[in-house]
Number of protein chains: 2
Amino acid sequence: MTIELDFCFDFASPNAYFSYKVAPKVEAAIDTQFNYIPVLLGGIFKACDNQAPMLAFAHIKNKPDYERIEIERFIAKHQLNEFNFNPNFPVNTLQVMRGAIVAKDEGILAAYMEAVFHHMWEAPKKMDDLEVIISALNESGLDGEHIMQRTQEPDIKKLLIDNTNATVERGSFGIPTFFVNNDIYYGKDRLRDVEEAVLALQSSAK
Amino acid sequence: MTIELDFCFDFASPNAYFSYKVAPKVEAAIDTQFNYIPVLLGGIFKACDNQAPMLAFAHIKNKPDYERIEIERFIAKHQLNEFNFNPNFPVNTLQVMRGAIVAKDEGILAAYMEAVFHHMWEAPKKMDDLEVIISALNESGLDGEHIMQRTQEPDIKKLLIDNTNATVERGSFGIPTFFVNNDIYYGKDRLRDVEEAVLALQSSAK
């Protein structure tokens, strides 16, 4: 039995970074790889009339402090000690997400994600500035000029839009969104449920 | 070592009901009882400029559907088959929460909670109507007239306000909120973390 396991991501979301870092542990536990799907969080928010939780909850007393505590707990639990909140948040990720479509097309998505998550959430940079992006990608051993040039191809632009719309049609309203076949799970704290759901499917298929 | 384990609740919240139903399993796993603290959710929301997630998220495409899916998953996982969403939601719980203060004072909080959660979320009634409340309590073998009469005592009214303010001061912004000593956890999905936190404290004390 093949289980489809999708991980819809945008570099804009710190929770996508956290989930990305923990994903290898989940993959090892369930012997199944995530299929990473680049989508545009801004597009999802627009389609769903949603916004970043950090902004939506900013006015609520105690809630931002609690969210900070939960992030610290997640970091401590998974020892994600390289995390540094990006001082440019929220970063417009249109260019780096188009770049992810290019990287997937060229078979280098894994290296590209590793690089961009690093430059967004470990050694945080202003990753909506084209020169900063190119220089960061080059620093990570990728061809920044080439990738950024290809982001201007109409097919690349269209595929990011199509991915985004398809994810919303499947029920997404934010990032990270996971799909176990067509069952939706939202947020880094659902990775445990994703793992349990895959194990249950594997066990019932035996 | 004594671990203080608080469960701040208001009958108004379906997630308080779900957590209440699962609490015995958690208590058995950690060999520790929850200390139930009656608070007024409306007071917390007012103090924090917050509102029920179901209302706050109503306009966001896909999110209400997702929340429904997660509730169904929780119900299925824990076999909470007696749940019936209260058609009068949101119910003003001022009287039944004052009643919980009375019940705690009289040493019958457990029976009172069982009764009111039942009449709110299993055989749902309009539990902000005084006659409905009294009749429901009587039906469950409690003295509805007596309890409701005592809710008018100034000390009872004041204690509910004091509990509510103290919970906000400890960092709460909604219901259910749990405290492991002074570490805060919010929401039914954090019960697993509460359990793990208590086990970790017990293990480190050995």
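**Conventions.** I number residues from 1 along each chain as its sequence is written, and I letter chains from A and number ligands from 1 in the order in which they are written. Since the model is predicted, I take local features only at pLDDT of at least 70 and side-chain atom pairs only at pLDDT 80 or more, while totals for chains, interfaces and linings use all residues.

**Symmetry.** I superposed chain B on chain A and found a rotation of 180 degrees with 0.0 Å of shift along its axis, at an RMSD of 0.0 Å (least squares on the C-alpha atoms of residues with pLDDT of at least 70 in both copies). That is the relation of a two-fold axis. The same surface serves both copies, as 100% of the contact residues of chain B recur in chain A; a contact here requires C-beta atoms, placed from the backbone, to lie within 7 Å.

**Interface.** I find 19 residues from chain B and 19 residues from chain A in the contact. On the side of chain B that touches chain A, the elements giving two or more residues are α2 (41-48), α4 and β4, and α4(B) gives the most, with 4 residues. Helices (H or I, at least four residues) and strands (E, at least two) are DSSP runs numbered from the N terminus.

**B:N62.** I located B:N62 in the loop between α3 (53-56) and α4 (63-78) of chain B. Is B:N62 buried or exposed? B:N62 counts as buried because it has 23 C-beta neighbours inside 10 Å, where buried means 20 or more other C-beta atoms within 10 Å, exposed 12 or fewer, and partly exposed in between, with C-beta atoms placed from the backbone. Leaving aside neighbours within four places in sequence, I list its contacts as A:C48, A:V168, A:G171, A:S172 and A:F173.

**Sheet of chain B.** I traced 4 strands in an open sheet of order β2-β1-β3-β4 with mixed pairing, counting two strands as paired if DSSP finds at least two bridges between them. β2 (35-38) and β4 (183-186) stand at the edges, each with a single partner strand, so one side of each is left without a neighbour in the sheet. Strands β1 (residues 5-9) and β3 (residues 177-180) of chain B pair in the antiparallel sense over 4 bridges, and I noted B:F179 in β3(B) as the bridge partner of B:D6.

Notes. Two residues are in contact if their C-beta atoms, placed from the backbone, lie within 7 Å.
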